[in-house]
Amino acid sequence: MPLDFTKHFVAMSTEFKLRNNTGCSWKVTVKLMNGRVTLDQGWATYAVVHQIKIGYMVTFKLLTPDTLKVIILDDDGIEVVNKCGKHDDAFAAKE
């Protein structure tokens, strides 16, 4: 995330919940790297579990100060709908 985007946050959290189109939530940490806020722990596993591939577009919408809605579009521009699958409990966001 560019730093200009993060100015819209009330306070920059070090942890976010990613909520997908079926309402499942996933916990990721963020860190500052090369002048950008990057998704860190939890993101790689999220990308694998949700089968994000090269060519897919991923958008984020700020829902609350610590929750981002994630929309995944495949290489044809069609929204990818993922059911909540099994994932490491360490990254499951508690509601």
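User: What should I know about the source before we start?

Analyst: This is a predicted model: local features need pLDDT of at least 70, side-chain atom pairs count only at pLDDT 80 or more, and totals for chains, interfaces and linings use all residues. Residues are numbered from 1 along each chain as its sequence is written, and side-chain values use heavy atoms, with hydrogens and water left out.

User: OK. In what order do the strands of the sheet come?

Analyst: The order is β3-β2-β1-β5-β4, five strands in an open sheet with mixed pairing. Strands are DSSP runs of E, at least two residues, and helices are runs of H or I, at least four residues, numbered from the N terminus. Two strands pair if DSSP finds at least two bridges between them.

User: Which strands stand at the edges?

Analyst: β3 (36-39) and β4 (57-64) do; each has a single partner strand, so one side of each is left without a neighbour in the sheet. On average, neighbouring strands of this sheet are turned by 35 degrees against each other, direction ignored. The axes behind that are lines fitted to C-alpha atoms, for helices over the stretch in contact, and angles run from 0 to 180 degrees between N-to-C directions.

User: And β1, parallel or antiparallel to β5?

Analyst: Parallel, with three bridges joining β1 to β5. Arg19 stands opposite Lys69 in β5. With β2, the pairing of β1 is antiparallel, over five bridges, and Lys17 has Lys27 in β2 as its bridge partner.

User: How many residues sit between β1 and β2?

Analyst: Five, in a hairpin; Gly23 in the turn has a positive phi of about 90 degrees. β2 also pairs with β3 in the antiparallel sense, over four bridges.

User: What's in the largest nonpolar core?

Analyst: The core has 11 residues: Phe16, Leu18, Trp26, Val28, Val30, Val37, Tyr46, Leu68, Val70, Ile72 and Val80. β1 (15-19), β2 (25-33) and β5 are the elements that give two or more residues to this core. A nonpolar core here is a set of buried Ala, Val, Leu, Ile, Met, Phe, Trp, Tyr and Cys residues joined through side-chain atoms within 4.5 Å.

User: Switching to Asp74. Buried or exposed?

Analyst: Asp74 is buried yet has no salt bridge, and the nearest side chain of opposite charge, Lys53, is 8.6 Å away. A salt bridge is a side-chain nitrogen of Lys or Arg within 4 Å of a carboxyl oxygen of Asp or Glu. For charge, Lys and Arg count as positive and Asp and Glu as negative, with His and the chain ends not counted.

User: Where does Asp74 lie, and what does it touch?

Analyst: Asp74 lies in the segment after β5 (67-73). Not counting residues up to four places away in sequence, Asp74 touches Tyr56 and Val80, where contact means heavy atoms within 4.5 Å.

User: What about Gln51?

Analyst: Gln51 is in the loop between α2 (43-49) and β4. Phi of Gln51 is near 55 degrees, a positive value in a residue other than glycine. Gln51 is exposed, with a relative accessible area of 51%.

Notes: Buried means under 20% relative accessible area, exposed over 50%, partly exposed in between (1.4 Å probe, protein chains only).
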